Amino acid sequence: MTQSRTLDDRYGRTARDLRVSLTDRCNLRCTYCMPADGLEWMPTEQALTDEETIRLIRLAVESLGIRQVRFTGGEPLLRKSLEQIVAATKRMRIDATPTPPTTALTTNALGLARRATALADAGLDRINVSLDTTSPDLFTRLTRRDRIHDVFAGIDAALAAGLTPVKVNAVVMPGVNEDGILDLVDFALDKGLQLRFIEQMPLGPRENWRRSDMVTATDILARVEERYALSPAESPRGSAPAALWNITDGTRSGTLGVIASVTHPFCGACDRTRLTTDGAVRSCLFSSTADEVSLRDLMRAGASDDELADAWAQAMWLKKPGHGIDDEGFLQPERLMSEIGG
Ligand code: SAM
Ligand code: SF4
């Protein structure tokens, strides 16, 4: 067995949270994430197989100190073997302790209605559904597909399967869905969902983001306070990116998260490491392709687990202190969000 160690960097951070992109493909085309067309999918032989994916997750959990594994993409529900990969992950044990890792999924929820129970049975612990509007018309414009009712059905199925608390991620875009912020809060309070608003990041098609136009966390909170009372939630924030608020309208209450990735970056407390669909380690969403290390190529050249662990640790050691979105000279990463795994 590989000697246990942790994925540390030069700035005192240790990665505990692994995000695995299971595919670069998607059945939606959210404007802030993907172009309408012209995006070529990765050829199948370049993507990690199930066995390769599970081998790398096992290495991360059993020998490199990872405690939570989140599956993402592209759309992870498009990976037919998702349930098997979740189940295999849940059979792993953190650093030779009896404890399995926490498993989580970030999804657009298309097709979730049919699979929520199987995913819960496979050992999925947490789910985040992306939904940026409650308006069917706006959803169709925003995702370029008329599928909002599949998302609603997916959310209901996740609640019924006990994948609670179901979190809903909403990216707020200037002039697009900012007027729907209060409707989203209303929807979340009605259904008992934990809503998290996210500042839009420069990761999608380049023409879609301008720092000066951004809807910031401060703007979002001001809108919410037009109708709801907010008070800071008590739970310690730690490395979690969302600032949490208790929210109530006097009758209903819940928790609201706001993720200020651009205006209040949480890079100093970041505990994430990422595996792309083609098996590259990325220490940050905003890394450049030149900083990636292909564990797939090493694996396919016959590398041992110790050699893979060394390469992973080396890639993380070089993690930059921050994403620098607000710095002059910031360069958007070459890969789109859907290719990296959000
Ligand atoms: N397809 C799945 C989904 O939509 O949940 C998983 C992949 S998606 C890339 C992961 C998350 O990234 C989603 O919550 C999505 O809203 C978010 N995202 C995509 N592009 C973004 C951007 N430019 N800024 C902020 N969040 C973004
Ligand atoms: Fe697909 Fe998720 Fe990107 Fe939307 S945000 S296009 S659902 S990968």
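Author: One term to start: a residue is near a molecule if one of its heavy atoms lies within 4 Å of it. Also, this is a predicted model.
Reader: OK. How many residues are around ligand 1, and which come nearest?
Author: There are 17 around ligand 1. Tyr32, Gly74, Glu75, Ser130 and Met201 come nearest.
Reader: What does Tyr32 do there, in terms of atoms and distance?
Author: Tyr32 places a polar side-chain atom 3.1 Å from an oxygen atom of ligand 1.
Reader: And Gly74, which part of it is involved?
Author: The backbone. A polar backbone atom of Gly74 is 3.0 Å from a nitrogen atom of ligand 1.
Reader: What about Thr107?
Author: Backbone again for Thr107: an N or O atom there lies 3.3 Å from an oxygen atom of ligand 1.
Reader: How much of ligand 1 does the protein bury?
Author: 95% of the 550 Å² that ligand 1 exposes when taken alone.
Reader: Which elements give two or more residues to the shell?
Author: Strand 5 (102-107) and strand 7 (167-172).
Reader: How does the shell split by class?
Author: Around ligand 1 there are 10 polar, five nonpolar and two charged residues.
Reader: New topic. How do helix 6 and helix 7 cross?
Author: Helix 6 covers residues 181-191 and helix 7 covers residues 217-225. Their axes come within 9 Å and cross at roughly 65°.
Reader: So what do we call that, parallel or perpendicular?
Author: Roughly perpendicular, because angles of 65 to 115 degrees count that way.
Reader: Left-handed or right-handed?
Author: Helix 6 passes helix 7 in a right-handed crossing.

How values were computed:
Residues are numbered from 1 along each chain as its sequence is written. Chains are lettered from A and ligands numbered from 1 in the order in which they are written. This is a predicted model: local features need pLDDT of at least 70, side-chain atom pairs count only at pLDDT 80 or more; totals for chains, interfaces and linings use all residues. Side-chain values use heavy atoms; hydrogens and water are left out. A polar contact is a pair of N or O atoms within 3.5 Å; within protein, one must be able to donate a hydrogen and the other to accept it, and residues adjacent in sequence count only if both atoms are side-chain atoms. Accessible areas come from the Shrake-Rupley method with a 1.4 Å probe; for residues, only the protein chains shown count as cover. Helices (H or I, at least four residues) and strands (E, at least two) are DSSP runs, numbered from the N terminus. Ala, Val, Leu, Ile, Met, Phe, Trp, Tyr, Cys and Pro count as nonpolar, Asp, Glu, Lys and Arg as charged, and the others, Gly among them, as polar. Axes are lines fitted to C-alpha atoms, for helices over the stretch in contact, and angles run from 0 to 180 degrees between N-to-C directions. Angles under 35 degrees count as roughly parallel, over 145 as roughly antiparallel, 65 to 115 as roughly perpendicular and the rest as oblique. A crossing is left-handed if the near helix is turned anticlockwise from the far one by less than a right angle, and right-handed if clockwise.
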